[in-house]
Amino acid sequence: MLTGGHGTIVAEFFDTGESRTLPWARRPQSAALVAALADPERGWNAVVIGEYERAFYGNQYASMAPLFEHFGIQLWMPEVGGRVDWHAEDHEQTMLALGLSSKREITHTRIRVRTAMATQTLEQGRYLGGRPPYGYRLGDAGPHPNKAHAAWGRRAHRLEPDPATAPVVRWMFAQRLAGHSAARITRALNDAGIPCPSAADPERNPHRTGAAWALRTVAAILANSRYTGRQVWNRQRSDFDLADPANTSLGHRQVQRWNLPEGWVISKHPAHAALVSEADFIAAQDLAVPRGPAGPAVRRYLLAGLVACGRCGRRLESAWSSGKPAYRCRHGYTSATGPDPDRPKNTYVREDQILPHLAAIGILLAGSATGTSRRVNGPVQVTGPADTAAMIDQLRADGVVLTHDADGRTLRAGSQDAPSVTISNGH
């Protein structure tokens with residue numbers, strides 16, 4: 001109706017299932033349309049958009065309009081009653097208002113959906129989708145509570161203990177309550193040949209290798225309160241980071257990040273069969289909490305993340321040694337894996353062996369033109385604790401890494417060709 005008497009539709013570009021928040025370059029069909037603009041044999045000279053809000057989001061129109069105009073492509077939309085005039089102020093204002101309306105619609109829908117999901121979890125304990133936790137499988141919970149969905153034949157689901165994996169979860173909590181570390185539990189699972197979660201359910205975990213249990217996986221299971229029988233929602237959130245900070249036209253990409261426990265929504269009443277009692281679950285969490293003045297809570301590592309291993313290039317991890325802060329490299333080994341006789345011995349260096357040499361490092365950095373790709377801004381004078389802290393802050397700000405060579409007992413800042421200082425055993 002919009003183009004009647006003006007032309008014929010000769011090609012269609014529809015992005016089904018793609019979010020409008022993605023820029024055109026990241027939507028398959030929209031990207032194909034953009035790629036065809038430069039082709040003089042494309043066979044069409046106008047683009048007809050049936051509904052603005054489904055095509056443009058926010059300020060996307062402002063970035064696409066110059067491209068259409070450059071290639072001599074007309075844009076037709078029902079919101080302006082036909083062809084868009086690139087230079088008409090009223091058309092430009094209309095496009096701006098429609099872009100904000102499209103963004104508002106997404107924001108309003110997101111808030112409404114999240115509020116509904118939080119209420120359904122808190123009051124009803126409803127299973128809201130996603131991969132079931134290891135130890136559970138999906139069971140039928142009757143017709144879908146939404147009448148429209150139920151009319152389409154959709155069913156509701158709930159979590160049920162998996163006969164194959166639920167005993168493993170119970171065993172893991174029993175071992176933790178017996179005082180065994182998560183690393184020891186991980187090693188025992190791998191030694192026994194028990195399939196890890198991605199190997200036990202490869203269809204729902206195509207993005208994982210399923211090779212073996214990892215310490216992080218065991219720790220996540222032991223910290224998941226859904227095993228108490230209560231439904232939990234909002235443990236993770238979706239953030240949107242720039243896809244490429246150097247090219248903001250590519251828009252944002254969705255990333256998942258963990259929320260703090262105070263942001264979780266937990267059902268008021270049990271929603272499915274528990275694999276561990278609430279008392280045992282709380283006791284298992286308390287085992288990981290440091291107690292007393294000697295615990296890790298009072299340990300400070302001034303150089304955490306700043307020291308790398310000269311043998312393998314890995315960052316040294318913080319480790320308490322003989323009552324003092326130190327740093328070690330296990331060259332890829334973890335306590336959750338079996339020993340490897342070919343692995344080099346652990347590398348250790350105490351913090352008090354490095355701090356006295358920061359003054360020399362500062363002088364070398366200030367006087368070297370090629371030692372680092374990002375030099376410290378100006379000479380650094382280290383004469384006391386306050387200057388040491390300032391020096392460390394400057395290293396972090398400039399992205400300078402201190403490389404420790406255990407064989408030569410040297411420390412250098414920056415590239416492999418940078419000058420180094422010798423660390424004695426006494427310091």
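The chat below goes through some helices, sheets and single residues of a predicted model.

User: Before we start, what kind of model is this, and what are the ground rules?
Analyst: This is a predicted model, in which local features need pLDDT of at least 70, side-chain atom pairs count only at pLDDT 80 or more, and totals for chains, interfaces and linings use all residues. Residues are numbered from 1 along each chain as its sequence is written, and side-chain values use heavy atoms, with hydrogens and water left out.

User: Which residues of α6 are buried?
Analyst: In α6 the buried residues are A166, V168, V169, M172, F173 and R176, where buried means under 20% relative accessible area, exposed over 50%, and partly exposed in between, with a 1.4 Å probe and protein chains only.

User: And where do they sit around the axis?
Analyst: They cover an arc of only 165 degrees around the axis, which puts them on the same side of α6; the arc is that of the directions from the helix axis to the C-beta atoms. As background, an α-helix has 3.6 residues a turn, so residues three or four places apart point the same way.

User: What covers them?
Analyst: The cover over the buried residues of α6 includes β5 (155–161), α7, α9 (215–222) and α10 (278–286), with contact meaning heavy atoms within 4.5 Å. Just after α6, G179 takes a positive phi of about 100 degrees.

User: Switching to α1 and α3, how do they cross?
Analyst: The axes of α1 (residues 28–37) and α3 (residues 60–70) come within 10 Å and cross at roughly 35 degrees. Those axes are lines fitted to C-alpha atoms, for helices over the stretch in contact, and angles run from 0 to 180 degrees between N-to-C directions. The crossing of α1 past α3 is left-handed, a label used if the near helix is turned anticlockwise from the far one by less than a right angle, while clockwise gives right-handed.

User: Which residues meet there?
Analyst: From α1, L33, V34 and L37 meet M64, L67 and F68 of α3.

User: Sheets now. What's the strand order in the one with β14?
Analyst: That open sheet has 4 strands in the order β10-β14-β15-β16, with mixed pairing, and two strands pair if DSSP finds at least two bridges between them. Strands β10 and β16 (420–422) stand at the edges, each with a single partner strand, so one side of each is left without a neighbour in the sheet. From one strand to the next, the twist averages 30 degrees.

User: Which way do the pairs run, parallel or antiparallel?
Analyst: Strands β10 (residues 307–309) and β14 (residues 402–405) run parallel and are joined by 3 bridges, with V307 opposite L402. By contrast, β14 and β15 (residues 410–413) are antiparallel over 4 bridges, where T403 has R412 as its bridge partner. The β15 and β16 pairing is antiparallel as well, over 3 bridges, and T410 is partnered by T422.

User: What about the hairpin of β14 and β15, which residue takes a positive phi?
Analyst: In that hairpin, which has 4 residues between the strands, R409 takes a positive phi near 55 degrees.

User: And the sheet with β12?
Analyst: There 3 strands form an open sheet in the order β11-β12-β13, with antiparallel pairing. Its edge strands are β11 (317–321) and β13 (347–350), each pairing on one side only, and the twist averages 35 degrees from one strand to the next. Between β11 and β12 (residues 324–329) there are 5 bridges, and A319 has A326 as its bridge partner in β12.

User: Last bit, single residues. Is G193 buried or exposed?
Analyst: G193 is exposed, with a relative accessible area of 56%, and its place is in the loop between α7 (182–191) and α8 (197–200).

User: And L355, what does it contact?
Analyst: Leaving aside neighbours within four places in sequence, L355 is in contact with L302, L303, T388 and I392. L355 is partly exposed at 23% relative accessible area and lies in the loop between β13 and α11 (358–367).

Terms used:
Helix = DSSP H or I, 4+ residues; strand = E, 2+ residues; numbered from the N terminus.
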